[in-house]
Amino acid sequence: MLLLPPILIEEQVAPMAAGIAALRAATGLEVLPENPPGTAFVGDLHILDFFGRLAEAADTGLLLDCAHLALYQQLHGHDALTGMDGFPLDRLVEIHVAGGSVSDHQGFRWVEDDHGTVVLDDTWRIVEHVAAHAPNLKAVVVECERNPLEAVLPLFAEVRRRMAGSPVLGGTP
Amino acid sequence: MSRNVAALRNAMARLLHDPAFVETVHAGPVAGLSEAERALLCAVDRRAWSTDRYRRSRAVQALIEELPVTAAVVGVEGVDAFFSSEAFGRVLSQRGSLALDFARWVEPRAGAVARLERAVAAARRGERAPGPGLVTRPGVEPLLLPEGVLAFYAAQRQALGADPVAALAAGRPRVERPVPGAGEDSLLVERGAEGQVQVGGGSPALVRLLAFTTVPRSRDATLAHARRLGCAPGEDAEVVDGLLGEGLLVVRV
């Protein structure tokens, strides 16, 4: 199966929202769209604007993968928090945190979403911003499969420390 | 001016698999893409499309694994060529299956063995068009093939051994597509409870009737088709009810 990021244009919002609504109706479960990783994003909307509009159109919550967002921002030469001002953080239910590594392809630099244990500084900035401003956050997922236990335990401790500013999850064991 | 999401996704799939198409898009107007759509694609750094060096190779491998004898006929390069075709781009926009669409695309070159392996792949997936009515059970694929193709398939599949990808990647010579016999084999390709796919025989009329109902049909339309295939009035309902009893036909509401 070929997984592609959505086309980040206004015309993609309504059909994708309809798909989310149909999936929610068919399963009886909430469906939280997640910003994907990638090296090639097509469209004239910032990915946060796109997912914000999508959440409004589908009247649904959101999953923000902080590592995916960091790689998107770096790919486009943006600051880690670009686009956050218009993003509906009140709809954010779940976030993902993961390590990434910088790769180079013919001089083109991009971040590989490798789920390693080294989390980019930009990812941590996004985590801390979200922790402080997302009032309905319910879950933090640390994606670190295929790493030895002793390598990932400090990562969990660091995530807990970075989430300390969260009004809802701060201090959660 | 509205931009076509399906056309953009189609192009995006091709750009990720076909470096030549990247150059085409950057060079000038492309059939099926408006200039506004092409501008969106050209805004992406062209190197971004090829960061995964093995994406196309993995896709070729997946197709060889699923349609090994077809691949033996057209060669690895014949499989690889699919990813430079417009047909490949349409897989996404039409929400198709890569293996099934590849089989359809390659059949003019590979012959009926592609249709056989397509039926095996379809049985494995067990999908049917939505809608109410009588429908051939998902996982059962009726198939009419020129005489000799099934034997050719069995012989070639055995010759390829346990690892067809390795055999073909090692430079195994292409095999000639089979010369179709004068007769016709009527077959049922069926996925078993454990997921294994078996090929068995059926009467031509039975296979044709089950082919008719691979898309949902009303009972009246199914009975009428059974009569066209030779059932006497009264016998048509007996045949259809028999297929329902055997589970070869199912009722969708």
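The axis of a helix is here a line fitted to its C-alpha atoms over the stretch in contact, and angles run from 0 to 180 degrees between N-to-C directions. The views below show a predicted model.

**View 1. Helices H1 and H2 of chain A pack against each other.** Helix H1 (residues 10-27) of chain A and helix H2 (residues 47-58) of chain A have axes 9 Å apart, at an angle of about 50°. H1(A) and H2(A) are therefore oblique to each other. The crossing in which H1(A) passes H2(A) is right-handed.

**View 2. Residues in the contact of H1(A) with H2(A).** H1(A) contributes A:Val13, A:Ala14, A:Met16, A:Ala17, A:Ile20 and A:Ala21. These residues meet A:Arg53, A:Leu54, A:Ala57 and A:Ala58 in H2(A). By class, this contact has nine nonpolar residues, no polar residues and one charged residue.

**View 3. Helix H2 of chain A and its buried residues.** The twelve residues of H2(A) reach 16 Å from the first C-alpha to the last, close to the 16 Å expected at 1.5 Å a residue. A:Ile47, A:Leu48, A:Phe50, A:Phe51, A:Gly52, A:Leu54, A:Ala55 and A:Ala58 are buried. The buried residues of H2(A) pack against H1, strand E1 (62-65) and helix H3 (66-75) of chain A. After H2(A) comes A:Asp59, with a positive phi near 45°.

**View 4. The contact between chain A and chain B.** Chain B provides 17 residues and chain A provides 16 residues. On the side of chain B that touches chain A, helix H1 (5-17) and helix H3 (35-42) of chain B are the elements that give two or more residues. H1(B) gives the most, with five residues. This side of chain B comprises ten nonpolar, three polar and four charged residues.

Methods. Residues are numbered from 1 along each chain as its sequence is written. Chains are lettered from A and ligands numbered from 1 in the order in which they are written. This is a predicted model: local features need pLDDT of at least 70, side-chain atom pairs count only at pLDDT 80 or more; totals for chains, interfaces and linings use all residues. Two residues are in contact if their C-beta atoms, placed from the backbone, lie within 7 Å. Helices (H or I, at least four residues) and strands (E, at least two) are DSSP runs, numbered from the N terminus. Ala, Val, Leu, Ile, Met, Phe, Trp, Tyr, Cys and Pro count as nonpolar, Asp, Glu, Lys and Arg as charged, and the others, Gly among them, as polar. Angles under 35 degrees count as roughly parallel, over 145 as roughly antiparallel, 65 to 115 as roughly perpendicular and the rest as oblique. A crossing is left-handed if the near helix is turned anticlockwise from the far one by less than a right angle, and right-handed if clockwise. The expected span of a helix is 1.5 Å times one less than its number of residues. A residue is buried if 20 or more other C-beta atoms lie within 10 Å of its own, exposed if 12 or fewer, and partly exposed in between; C-beta atoms are placed from the backbone.
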